[in-house]
Structure formats: C-alpha cells, structure tokens
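Here are some questions about how the terms used for this structure are applied. Each answer sets a value beside a definition.

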Amino acid sequence: MDFRGAHILSVEQFNREDVETVFSVADSMEPYAHRKRMTKVLDGAILGNMFFEPSTRTRVSFGCAFNLLGGDVRETTDVKASSISKGESLYDTARVISGYSDVIVMRHPHVGAVAEFAKASRVPVINGGDGPNEHPSQALLDLYTIRKELQSKQVEIDGMHIAMVGDLKHGRTVHSLSRLLKLYKKLKITLISPKELAMPEEIVSDLRSGGHEVIETEDMEEGLHDNDTVYLTRIQEERFTSKLEADIYRGRFRLNQAIYTRNCQPNTVIMHPLPRDSRADANELDNDLNQHPNLAIFRQTDNGVLVRMALFALILDVADKVDETSTEVGWYTEGRFD
Ligand code: NCD
C-alpha cells in the first residue's frame with residue numbers, strides 16, 4: 001500500500017511487504033525512542049489524539065511517538081468533556097478537528113465509528129481501537145514484538161505456534177493480531193477461551209482457509225503446551241451487558257509461575273496487550289512472573305512507541321528525512337532501555 005496520506009483503519013489493509021516496511025522503519029526509530037538522538041522532522045505538525053474510551057498506553061504512546069518526531073499533540077480524553085456529549089455528529093467533529101491537526105488518532109466505543117469519522121476527515125486517521133472490532137497499531141506492535149522475541153531464540157514467525165487466551169470474543173487486539181497473522185505461513189494457533197467468549201467464527205475460518213491449524217479449547221493447561229508465544233487478555237468487562245455477566249468468566253484462565261512451569265516450554269514468550277486486570281478475582285497474568293525473562297509485556301509497550309513513530313513517519317512521508325534533521329541528545333542516560 002501507499003502509506004502517504006493513508007488512513008489506518010484495519011490490518012486488512014496490509015500485505016506482508018507493508019508490515020515489513022513498518023517494521024524496518026520502526027527499527028530505524030530506536031535511537032530516537034531511546035533518547036540517543038533527537039529529530040525535529042515533524043516540527044510544526046499537530047497530532048489530534050481523540051480518545052472517546054479509556055486508554056493509558058495507546059493514547060500516551062501515540063502522543064510520545066509524535067513528540068519524539070518533533071511534533072505537538074492536542075487531545076481529548078473524555079466523551080463527557082467533548083462536544084459529542086452535546087449531540088455533535090462524528091462528521092462535524094471530524095471536519096473541525098481535521099482543521100486543527102495534520103493527523104488524527106481516534107478511539108471510539110462503536111465498531112466502525114473511526115472509519116465513519118475518517119470519511120469526513122481532511123487528514124489521515126489512525127484507528128486507536130473501535131469497540132471490539134480492530135486495534136491495528138496494537139497488532140503491529142504485538143507482531144513486531146513477537147518477531148524480535150522469537151528472533152533471539154532463532155524461531156521464525158512462519159511456522160510458529162501461538163496460543164491466545166481469555167476474552168477472544170470482545171478483545172480487539174486478538175482480532176487484529178489474528179487477521180495480521182493470516183499473512184504468514186503454516187501457523188498453529190490455539191484459542192483458549194470459554195465457549196461463550198470464543199474468537200469470532202469468521203476470523204477462525206479465514207485462518208483455516210489460509211492453511212493455518214486452529215485449535216479451540218476450554219482446557220487452558222492442555223492448550224499451553226507446545227507454544228512459542230502465549231498471548232493473554234483480560235475479560236473485557238465494558239463490553240458485557242452487566243458486571244455480573246463478566247464475573248461469570250473473570251478469573252477462569254490465569255497464568256502464574258506454577259502453571260507456566262508445569263505446561264509451557266521453557267522458551268515460551270509471555271505477552272499481554274495490557275492493562276492486565278490484577279484484581280484478586282481476575283489476575284489473568286500473575287505478578288509472580290514479573291521477573292521472568294520471557295515476560296515480554298513491557299518490551300511490548302516500549303516497542304509500541306517505535307511502531308507508532310514508524311506509522312506517523314510513513315503516513316506523513318518523512319521516514320527518509322528523520323536522520324537529516326537529527327542531533328545528539330545531551331542528557332542521554334546509558335542503559336535506560338536495555
Ligand atoms: C487493549 C485495548 O484497549 O483494546 N489495550 C491496549 O490498547 N493496549 C486491551 C484491553 O483493554 O484489554
């Protein structure tokens with residue numbers, strides 16, 4: 001695809017070469033994200049960071065990524081504090097905000113709302129999550145992390161085994177990641193969830209018709225065997241009709257040190273899009289794994305900045321100009337990102 005001026009709404013837009021392009025630009029962003037060098041390539045540009053659903057890392061990391069390229073960020077974080085609560089349409093909001101910004105990131109609780117917003121926008125729009133549908137930048141950073149983690153263990157993405165665990169019905173990160181994995185070859189994908197929270201049928205059948213082996217199970221310990229990566233998710237309480245309904249599933253699938261050691265191969269990478277629900281009745285990924293060398297969750301969040309910088313650089317067509325405008329950082333702290 002041509003990234004210049006493009007909206008990023010779904011991972012279905014990408015082919016394998018596009019993904020590789022994002023990853024190689026992301027690699028080149030490391031000195032900037034790691035505060036070794038500074039660039040002003042987006043000096044004067046403004047990101048409109050529009051979050052109409054709760055977010056910490058997606059919002060802040062998009063903002064940091066834009067700042068690290070030299071741009072400025074303006075944001076709204078609360079539907080109640082925005083004119084949407086006065087009945088403003090997505091069309092009007094898009095027309096207005098796209099007059100203020102050069103690129104927009106938007107998160108919205110409704111499936112398709114970001115695409116609708118993008119139709120009216122005069123600048124590129126990145127989907128920061130539209131309800132349970134898609135979260136393309138998260139899938140890219142997840143796959144970028146998987147690639148890096150597996151490379152250090154001499155394993156390729158083609159042919160790898162991955163398990164996804166938890167609320168696969170409502171989790172937009174696993175929807176986007178699965179759709180992105182279709183681009184690779186001969187994967188074994190184990191989907192571990194309560195039957196009621198299974199991965200949407202259309203995603204499963206697409207994976208199967210792409211030649212991948214897909215196993216669906218409610219038996220977590222069995223499903224954990226023989227994986228290169230285990231990707232956990234929280235029960236997406238906000239997508240249920242009531243807290244009571246979410247409570248039925250909360251805490252059913254948990255990974256801790258003992259379960260990991262008993263079932264996983266010693267090399268299995270542990271991932272989670274975060275936030276993990278660390279409340280006692282949920283706790284899908286226990287703190288007793290915090291020091292485990294295969295726990296990649298904070299490498300995922302670090303990688304998110306690189307991948308989001310790459311998306312901005314490609315969309316605004318400055319990827320090859322980043323170094324030209326760069327200088328050393330005087331206050332660099334050695335070892336901070338090791
Ligand atoms: C995820 C999301 O918002 O979909 N978080 C994130 O962006 N890293 C996952 C979640 O909320 O469970």
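Q: What makes the place of Thr173 part of helix 7?
A: Thr173 falls within residues 172-181, the span of helix 7. Helices are DSSP runs of H or I with at least four residues, strands are runs of E with at least two, and both are numbered from the N terminus. This is a predicted model, in which local features need pLDDT of at least 70 and side-chain atom pairs count only at pLDDT 80 or more, while totals for chains, interfaces and linings use all residues. Residues are numbered from 1 along each chain as its sequence is written, and side-chain values use heavy atoms, with hydrogens and water left out.

Q: Why is Thr173 called buried?
A: Buried means under 20% relative accessible area, exposed means over 50%, and partly exposed is in between (1.4 Å probe, protein chains only). Thr173 has 9% relative accessibility, so it counts as buried.

Q: What is known of the rest of helix 7?
A: Ten of its ten residues are buried, and helix 7 is mostly covered. Among them are Arg172, His175 and Leu181.

Q: Which residues is Thr173 in contact with, leaving aside its neighbours within four places in sequence?
A: Contact means heavy atoms within 4.5 Å. By that rule Thr173 is in contact with His135, Gln138, Tyr231, Thr233 and Pro273.

Q: Why is Gly210 called partly exposed?
A: The relative accessible area of Gly210 is 46%, so it belongs to the partly exposed class. Gly210 sits in the loop between helix 8 (201-209) and strand 8. From Gly210 to Asn287 there are 77 residues in sequence and 37 Å in space, C-alpha to C-alpha.

Q: What makes strand 6 and strand 9 a pair?
A: Two strands pair if DSSP finds at least two bridges between them. Strand 6 (residues 161-165) and strand 9 (residues 229-232) have four bridges, in the parallel sense. Across this pairing, Met164 stands opposite Tyr231 in strand 9.

Q: In what order do the five strands of the open sheet stand, and which are its edge strands?
A: The order is 8-7-6-9-10, with parallel pairing. Strand 8 (213-217) and strand 10 (269-271) are the edge strands, as each pairs on one side only. From one strand to the next the twist averages 15°.

Q: How is the direction of helix 6 set against strand 10?
A: Axes are lines fitted to C-alpha atoms, for helices over the stretch in contact, and angles run from 0 to 180 degrees between N-to-C directions. Helix 6 (residues 136-151) runs at about 165° to strand 10, and lies across strand 6, strand 9 and strand 10.

Q: Why is strand 2 described as largely enclosed by the rest of the structure?
A: Strand 2 (residues 46-51) has six residues and five of them are buried, so the rest of the structure largely encloses it. Strand 2 is joined to strand 3 (residues 72-76) by five bridges, and the two run parallel. Met50 stands opposite Thr76 in strand 3.

Q: Why do strand 3 and strand 5 stand at the edges?
A: The open sheet of four strands has the order 3-2-4-5, with parallel pairing. Strand 3 and strand 5 (125-130) each have a single partner strand, so one side of each is without a neighbour in the sheet. Helix 3 packs on this sheet, touching strand 2, strand 3, strand 4 (103-108) and strand 5, and its direction makes about 180° with that of strand 2.

Q: What makes a space a cavity, and what is the volume of the largest cavity?
A: On a 1 Å grid over the protein atoms alone, a cavity is a set of points where a 1.4 Å probe fits but cannot get out; a pocket is an open set with protein on both sides within 12 Å along at least five of seven lines; lining residues have an atom within 4 Å of a point. Grid points are joined across faces, edges and corners, and a volume is the space filled by probe spheres set on the points. There is one cavity of 30 Å³ or more, and the largest cavity holds about 90 Å³. Its lining includes Gly166, Thr233 and Glu284.

Q: What volume has the largest pocket?
A: The volume is about 460 Å³.
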